[in-house]
Amino acid sequence: MKQKVLKALANPARIFYVPYSLAVINFAFQFIIFIIIFVISLIIFRADSQVDPLFFLISVCVVHMFLAVFSKKEPQLGQIISAKLRLFKKKIPRRLAA
């Protein structure tokens with residue numbers, strides 16, 4: 001029983017070599033940025049928008065590759081980032097959140 005728990009903690013769930021939480025945050029964050037840029041371009045240029053969805057897909061893939069490289073060096077990167085986000089949501093001072 002102990003070994004299963006340790007194995008689950010040592011090998012977090014991954015999507016194409018990136019921890020699940022980081023991959024979802026990456027996609028959601030970039031999708032929101034794409035929607036904001038798309039809406040702004042629609043407002044400025046009316047119906048003749050110059051935003052190409054291919055740039056969105058390329059940027060998601062490039063950032064995903066960077067995350068894969070960094071998570072290879074630090075396998076618990078997703079858990080570290082989610083713990084930091086929880087501390088900042090609780091408004092714990094920076095000296096305690098280090």
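A strand is a DSSP run of at least two residues marked E, and strands are numbered from the N terminus. Isoleucine 15 is found in such a run, strand E1, which spans residues 14-15. The legends below describe close-up views of a predicted model.

**Figure 1. The whole protein chain has 5 helices and 2 strands.**
Along the sequence, these elements follow the pattern α-β-β-α-α-α-α. The protein chain has 98 residues, and 19% of them count as buried. Its accessible surface comes to about 8,200 Å², and carbon and sulfur atoms hold 74% of that area. Among contacts in the protein chain with a separation of 6 or more, 64% are between residues 24 or more positions apart.

Is isoleucine 15 buried or partly exposed? Its relative accessible area is 29%, so isoleucine 15 is partly exposed. Neighbours within four places in sequence are left aside here; beyond them, isoleucine 15 is in contact with Tyr20, Ala23 and His64. Histidine 64 lies 49 residues from isoleucine 15 along the chain, yet the C-alpha atoms of the two residues are separated by 9.6 Å.

**Figure 2. Close-up of helix H2 against helix H3.**
Two packed helices are described by the angle between their axes and the distance between the axes. Helix H2 covers residues 20-45 and helix H3 covers residues 53-73; their axes come within 10 Å and cross at roughly 150°. Because of this angle, H2 is roughly antiparallel to H3, as angles over 145 degrees are counted that way. The crossing of H2 and H3 is right-handed. On the H2 side, the residues that meet H3 are Leu22, Ala23, Asn26, Phe27, Gln30, Phe31 and Phe34. On the H3 side, they are Pro53, Phe56, Ser59, Val60, Val63, His64 and Leu67. Sorted by class, this contact of H2 with H3 has 10 nonpolar residues, 4 polar residues and no charged ones.

**Figure 3. Close-up of asparagine 26 and phenylalanine 31, two of the H2 residues that meet H3.**
Asparagine 26 has its place in helix H2. The relative accessible area of asparagine 26 is 7%, so this residue is buried. Not counting residues up to four places away in sequence, asparagine 26 touches Val60, Val63, His64 and Leu67. Phenylalanine 31 also has its place in helix H2. With a relative accessible area of 39%, phenylalanine 31 is partly exposed. Its C-alpha atom and that of valine 60, 29 residues apart along the chain, are separated by 8.7 Å.

**Figure 4. Close-up of helix H2 against helix H4.**
Helix H4 is made of residues 77-89. At what angle do the axes of H2 and H4 cross? They cross at roughly 65° and come within 7 Å. Ser21, Leu22 and Ile25 are the H2 residues in this contact, and they meet Leu77, Gly78, Ile81 and Leu85 in H4. By class, 5 residues in the contact of H2 with H4 are nonpolar, 2 are polar and none is charged.

The relative accessible area of serine 41 is 6%, so serine 41 is buried. Which residues is serine 41 in contact with, leaving aside its neighbours within four places in sequence? They are Arg46, Ser49 and Val51.

Technical notes: Residues are numbered from 1 along each chain as its sequence is written. This is a predicted model: local features need pLDDT of at least 70, side-chain atom pairs count only at pLDDT 80 or more; totals for chains, interfaces and linings use all residues. Side-chain values use heavy atoms; hydrogens and water are left out. Axes are lines fitted to C-alpha atoms, for helices over the stretch in contact, and angles run from 0 to 180 degrees between N-to-C directions. Helices (H or I, at least four residues) and strands (E, at least two) are DSSP runs, numbered from the N terminus. Angles under 35 degrees count as roughly parallel, over 145 as roughly antiparallel, 65 to 115 as roughly perpendicular and the rest as oblique. A crossing is left-handed if the near helix is turned anticlockwise from the far one by less than a right angle, and right-handed if clockwise. Contact means heavy atoms within 4.5 Å. Ala, Val, Leu, Ile, Met, Phe, Trp, Tyr, Cys and Pro count as nonpolar, Asp, Glu, Lys and Arg as charged, and the others, Gly among them, as polar. Buried means under 20% relative accessible area, exposed over 50%, partly exposed in between (1.4 Å probe, protein chains only). Accessible areas come from the Shrake-Rupley method with a 1.4 Å probe; for residues, only the protein chains shown count as cover.
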